Protein chains: 2
Amino acid sequence: MKFEIMRHRLLDALNDVMKAVSSKTTIPILTGIKLEVTEAGLRITGSDSDITIQTFIKAVEDGDQVIRVMEEGAIVLQARMFNEIVRKLPTSDVEIEVTEKYDTHIRSGKSEFHLIGLEPSEYPLLPDIQDDRHFEIPADLLKSIIRETVFAVSPSENRPVLTGVHWQAKNGELVCVATDSHRLARRKVTLEQLPEKEYSVVIPGKSLNELSKIIGDSSEPVQIVMTDQQVLFKTEDVLFYSRLLEGNYPDTSRLIPTEYKTFVTMNGKALFQAIDRASLLAREERNNIVRFSSLEENIVEISSSSPEIGEVEEEIQTTSIEGEQLKISFSAKYMMDALKAFDGQDVTIQFTGAMRPFILNSVKDNEVLQLIVPVRTY
Amino acid sequence: MKFEIMRHRLLDALNDVMKAVSSKTTIPILTGIKLEVTEAGLRITGSDSDITIQTFIKAVEDGDQVIRVMEEGAIVLQARMFNEIVRKLPTSDVEIEVTEKYDTHIRSGKSEFHLIGLEPSEYPLLPDIQDDRHFEIPADLLKSIIRETVFAVSPSENRPVLTGVHWQAKNGELVCVATDSHRLARRKVTLEQLPEKEYSVVIPGKSLNELSKIIGDSSEPVQIVMTDQQVLFKTEDVLFYSRLLEGNYPDTSRLIPTEYKTFVTMNGKALFQAIDRASLLAREERNNIVRFSSLEENIVEISSSSPEIGEVEEEIQTTSIEGEQLKISFSAKYMMDALKAFDGQDVTIQFTGAMRPFILNSVKDNEVLQLIVPVRTY
């Protein structure tokens, strides 16, 4: 194997692939990344066995010679070390040559590294994925869907299936739900070319977080292929594989209240900032609980206190408050997470009493729903 | 006490004072900062008992009313909490009022915090410093002096005096030396109005690091006042006090070789980058040792290896190599630290054999000297 490549293109590709490589892996070869060069270009693969990322750099891009291939071949190199070396090389070109066995030479200017590589045929093969159930989502919409739901997955492995986001396709609609049983985030999106057959998968939250870092903010389509054990996200240059979580995801639809007793419409950003301030004191109490009370004249009061340090209260003018008077307490963190999903838009909050879960929606549509279970303090 | 202040001026001042406040203090009142307001302005003090920082905000600055004082007074408030509150307040003005006892109200817009303060008279008094021995250094020069020496102090408390930088004023010259006994950094600077009496103090490295973050990059003078136990750095708005270290600083002058066998002149930046690359492999061996060898035709080779991972070698063209051929090994970290002090300038390196300390100087002058003890590997 011998080729020369533009260093910044190699760095960009490594940046993506490294997101799949974990230093904690128990499978030694997965501390490495696999490089495969052919006349067509360079393929790089990294994996932690849950997530696998593969990128392809074409030898010629838009008429520019990015890679000059002298000899085709493959090698596995220590991922972290190789990445750091490429990052620090002195010139804009890198030559990589595997001589006898796995001896790998990395040359740039007058700098020459010699690394001991690993046998490429020992690197795990990619999951075998048939294209039977696939659809497309624009990259920026996919990022939104992830951002609006993934924060609500459970951090605890007690119920592994809750560490993932439930994706369900049915009747031309994709519904994504995450819950840790104290709160729930749901995003619905209508997609034209969803496969006819109904299906449902649970994608690990960690995979979605890493995916979100890799895909761009463009409206370029991302192709999504589902199988029973794996999901594949495909962009022009990158293949992102994630294993799926096993087990039945709980039916969450019955948790969502359908009637309300108090209905508040207000600015999401103002509420977020008031809760952010109130949580300064609430955090000291470990539980991070803030109080929310409806007052006269469409005013809401946010307050919290810590016996040793002090207290805070703040009034916010809402657009409207309909229905019963209300005093309710909830986690400042959950409310701030939920409000972030609305990105500062005006929101509606529907309460059905101080002890019942309440829901937030955008005033504009019901695509995003956030549910929070309150805390008993009154 | 009651006053109103422009929030961004209060934030700037807190930003400085907070650098003295430690959450690890064993003296409860030092988790607080002291606010004292008079018609003239607001004085804020923070301290961890080693470092004390005091800033003063004038009520009127350049004709602008920064503070409106309704009632003079003083209070001590939880430093971290107060700082975070001010950072998150909704409007550009803050009103602070102490009502009965230590009840403190912080108001901004419709947000009102109520903190329980502490008795201001219990806050420690500032060290009593007589202006007998003082001199001035421009702020940017002071920052350079710190940057060029402080990294070489010992991180270990085995010999406490080595955790500080030795400042010695003699014959119109200030000499600053730091050493951890494996390397040494020395900065000399000629100052016009040094006090006649010779004196020498050891300033804790930690204090100098914090000071460096507070003083600006301007050429505004910083006044320095020395006493036996304390040093005070004075700028227009800030008083920065540090305790001094006790004990005799070792005489380091005899450690510095005065003759050489090999004399190399080369670009500091090229050497830094080559060692940075070589240390990628050297780090894996824990000792972080790189080799430096003089070759024919004014070429230096930097190399390092790790049996399990591989090796690296790199040639650098120097300006000149005079004297004996040389192979020497040293800590990549020490060399990189030393080269940073020269800021990419061309340097001279004077070696007196593979087992003897060697010194670096700028080609331009001898104001900065760096000494490194090599490591036996050949």
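This is a predicted model: local features need pLDDT of at least 70, side-chain atom pairs count only at pLDDT 80 or more; totals for chains, interfaces and linings use all residues.

Strand E2, residues 32–38 of chain B, pairs with E3(B) in the antiparallel sense over 5 bridges, and if you want one pair to hold on to, Lys34(B) has Thr45(B) as its bridge partner in E3(B). On its other pairing, E3(B) goes with strand E4, residues 51–58 of chain B, again antiparallel, over 7 bridges, with Gly46(B) and Ile53(B) as one of the bridged pairs. E3(B) and E4(B) also make a hairpin, with 3 residues between the strands, and in that hairpin Ser49(B) takes a positive phi near 80 degrees. As for burial, strand E3 of chain B, which runs over residues 41–47, is mostly covered, since 5 of its 7 residues are buried.

Let me now move to chain A and its domains. Chain A is divided into domain 1 at 2–122, domain 2 at 133–249 and domain 3 at 256–372. Between domain 1 and domain 2 of chain A, the C-alpha centres lie 29 Å apart, and the contact takes 9 residues from domain 1 and 12 residues from domain 2. On the domain 1 side, strand E4 of chain A, residues 51–58, gives the largest share, 6 residues, and by class that side has 3 nonpolar, 3 polar and 3 charged residues.

That leaves the relation between the two chains. Chain A can be laid on chain B with an RMSD of 0.0 Å by a turn of 180 degrees and a shift of 0.0 Å along the axis, which is the relation of a two-fold axis. In the contact, 24 residues of chain A meet 24 residues of chain B, and the elements of chain A that give two or more residues to its side are helix H2 (79–88), strand E11 (111–116), helix H5 (268–282) and strand E23 (310–317). By class, this side of chain A has 9 nonpolar, 5 polar and 10 charged residues. Because 100% of the interface residues of chain A are also interface residues in chain B, the copies meet through the same surface.

Strand pairing also crosses from one chain to the other: E23(A) and strand E11 of chain B, residues 111–116, pair in the antiparallel sense over 5 bridges, and there Glu311(A) stands opposite His114(B).

Conventions
Residues are numbered from 1 along each chain as its sequence is written. Chains are lettered from A and ligands numbered from 1 in the order in which they are written. Copies are superposed by least squares on the C-alpha atoms of residues with pLDDT of at least 70 in both. Two residues are in contact if their C-beta atoms, placed from the backbone, lie within 7 Å. Helices (H or I, at least four residues) and strands (E, at least two) are DSSP runs, numbered from the N terminus. Ala, Val, Leu, Ile, Met, Phe, Trp, Tyr, Cys and Pro count as nonpolar, Asp, Glu, Lys and Arg as charged, and the others, Gly among them, as polar. Two strands pair if DSSP finds at least two bridges between them. Domain bounds come from an automatic or database domain assignment. A residue is buried if 20 or more other C-beta atoms lie within 10 Å of its own, exposed if 12 or fewer, and partly exposed in between; C-beta atoms are placed from the backbone.
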